[in-house]
Amino acid sequence: MAITARCLVLACGNSLRSDDGVGPKLAAWAEERFRGEPEVRVIARQQWTPELAEEIATADSVLFVDASVKPPPGRVRLIPVTSRVDSSAQPSHDLTPNQLLGLTRTLYGSIKSHAMLLTVGVSSTELGETFSAPVTAALPRARGILEKSVLRFLGR
Amino acid sequence: MSETITIDPVTRLEGHGKITIQLNGQGEVENAHFHVTQVRGFERFSEGRPFYEMPSLMARICGICPVSHLIASAKACEAIMSVRIPHTAAQLRRMLNLAQMVQSHALSFFYLASPDLLLGMEADPKVRNILGVAAAKPELGRAGIALRRIGQSIIELLGDKRVHPGWVVPGGLTEPLSSEKRDKILAMLPEAYSSVGLALGAYKQIAGTFKQEIEVFANFPSNYMSLISEEEAIDFTDGALRLIGATGNIIEDGMTATRFTEVIGEAVENYSYTKFAYYKPLGYPDGSYRVGPLARLNIVKSMGTPKAEKELAEFKQLAAGPVSSSFHYHHARLVEMLYGIEKIEEILADSRILDKHVRATAGVNRLEGAGQAEAPRGVLHHHYKVDENGKITWANLVIATGQNNNAMNRGVLQAARHYVKDGKFTEGVLNRVEAVVRTFDPCLSCSTHAFGQMPLEISLLSADGEVVDRVARD
């Protein structure tokens, strides 16, 4: 079964696709920052697959972390996530944060006290293991927002 | 005036493909093709690499079935080294491959196929997906997730990673199994049994409502090929290949990896990047054959485990000879999952399973080697040539999807001819054509991280390219 934690940091991205690796990069930082704190669990995946609903179900709060192609490169955004599923999106075996929350509620009756999505705008997702200048510059701010969000979820 | 219907991309598959259906002037289906539209290039860019890197390189071909590539590749390397791996290593590899089969079949059945099976082929596409299944049948949604998690957790326990695990190396494994890991795996099995039991029960209840689909979903006589043990039981990792004909007659038996290329050829068609495997003595396309769960259950005489044995007997009642409708791939997949769980339990009870000796070592003793294993989707064959320093000079991979390619194309044509009438079609009709391909669970490429949603657009084009009808799924 999934490991219980009060706050789940759930990152997505491919570290071999340049800026798309910003999610796993922030997850690695969070792992280090909250090392030794059993209330915080960090998971990084290349895709958010349906079985992650089990992990989400065991947490009080969830912070999704991902790259985004929509905002300008380097822009860091924190937005609330609801379990309302956009019916125009056709899920297969990778899901959006909304769909994952919806699936968690449907299957496990679990509703989160906090659910947020932290995104960093990307400029390149070509093959590569380095970040673009805007994403590199955005990392300190993204780390700060991530830390603050987790601490707030924990009531600190 | 001839017209073409294009389904691009085909949804709920592992990878990117499209279907085209050509109509003649009377609106009848003239021809249909399943196209694989991506190029990977692994055979070429492995040239020049040291042979011992091949298992970990080849595993990157796929994010769903990397274990099969690991194993087939390691076996090809062991043929180059001329070594036999220790008994315990062979057993542990077998378990790893079965865990992969369980998680992959769970993905295919619950995430990709069950929306059609449980909600109906004509259900609104907005709900015909895993979320719709979860809402309608939450107990099955939880069962699917549990089986995926259990399969992946076993892979992670053994190979440290749930996707692209290491552990399997030329000569055996990097480390033995610990008693702690063995106990953790054993603790997962009761939930696995109950989950697959639930799925089998649900499937048997609804299968009868798909009589028409069973009739026209790639339902034709064909040859079948799979690995089989010396006891004529199912075997995912060892054994030799058997090829049977449409009546169950044995055409070729005891095919080792070395003999594979003597009798199996690969044809090329100009509409797909995937090759078409065939049995050389019968030529192409007559020598085409099917692989995967349906082929395996058609070929084996026994599952070798008690619960799956009962299910096999029931499965074989579906036809007097080989079961020919590809719709029954779904059923076969469930039987195999049950077998996988039983076999994992059996392997863990092996008195030597915690032995520390799990690796044999050697250098280059042959300049050519081949290895084969069963991937969830069917037979997987790796064949390498090396120079005296062990650098790869040539590589060829024959994957399950290529071996099913001809049958998938014939199946698409059969279904299109049945369902598309007078050039008219609905979204539900085209979903059935896609669903034919889904029965085979082809793996086109699943290791690529994709952005955004995959739209589905089906256009009916006149001969001069004018769109005369269109169905879009955004």
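The model is predicted: local features need pLDDT of at least 70, side-chain atom pairs count only at pLDDT 80 or more, and totals for chains, interfaces and linings use all residues. Residues are numbered from 1 along each chain as its sequence is written, while chains are lettered from A and ligands numbered from 1 in the order in which they are written.

**Chain B as a whole**

Select chain B, which holds 15 helices and 16 strands; these are DSSP runs, helices being H or I with at least four residues and strands E with at least two, numbered from the N terminus. Its C-alpha trace spans about 65 × 50 × 45 Å along the principal axes. Of its 474 residues, 54% count as buried, that is, 20 or more other C-beta atoms, placed from the backbone, lie within 10 Å of the residue's own.

**Helix H15 of chain B**

Next, select residues 427-440 of chain B. This helix, H15, has 14 residues and reaches 21 Å from its first C-alpha to its last, close to the 20 Å expected at 1.5 Å a residue; the expected span is 1.5 Å times one less than the number of residues. Because 12 of the 14 residues are buried, H15(B) is largely enclosed by the rest of the structure. Among the buried residues are B:Val433, B:Val436 and B:Val437. Just after the helix, B:Asp441 takes a positive phi of about 50°.

**B:Val412 and the core**

Now select B:Val412. Leaving aside neighbours within four places in sequence, its contacts include B:Val433, B:Val436 and B:Val437, together with B:Ile19, B:Ala32 and B:Phe34; a contact requires C-beta atoms, placed from the backbone, within 7 Å. In the largest nonpolar core, of 187 residues, B:Val412 is one of those that touch the most other members, along with A:Val9, A:Leu63, A:Val65 and B:Ala416. Such a core is a set of buried Ala, Val, Leu, Ile, Met, Phe, Trp, Tyr and Cys residues joined through C-beta atoms within 7 Å.

**Helix H4 of chain A**

Finally, select residues 133-153 of chain A. The end C-alpha atoms of this helix, H4, are 31 Å apart, which agrees with the 30 Å that its 21 residues should span at 1.5 Å a residue. A kink of about 40° lies at A:Leu139, shortly before the proline A:Pro140; the bend is the angle between axes fitted to the seven residues ending there and the seven starting there. The buried residues of H4(A) include A:Ala138, A:Ala142 and A:Leu146. Its buried residues pack against elements of chain A including helix H1 (22-33) and strand S3 (59-68). H4(A) is followed by A:Gly155, whose phi is positive, near 75°.

Terms used. Contact = placed C-beta atoms within 7 Å.
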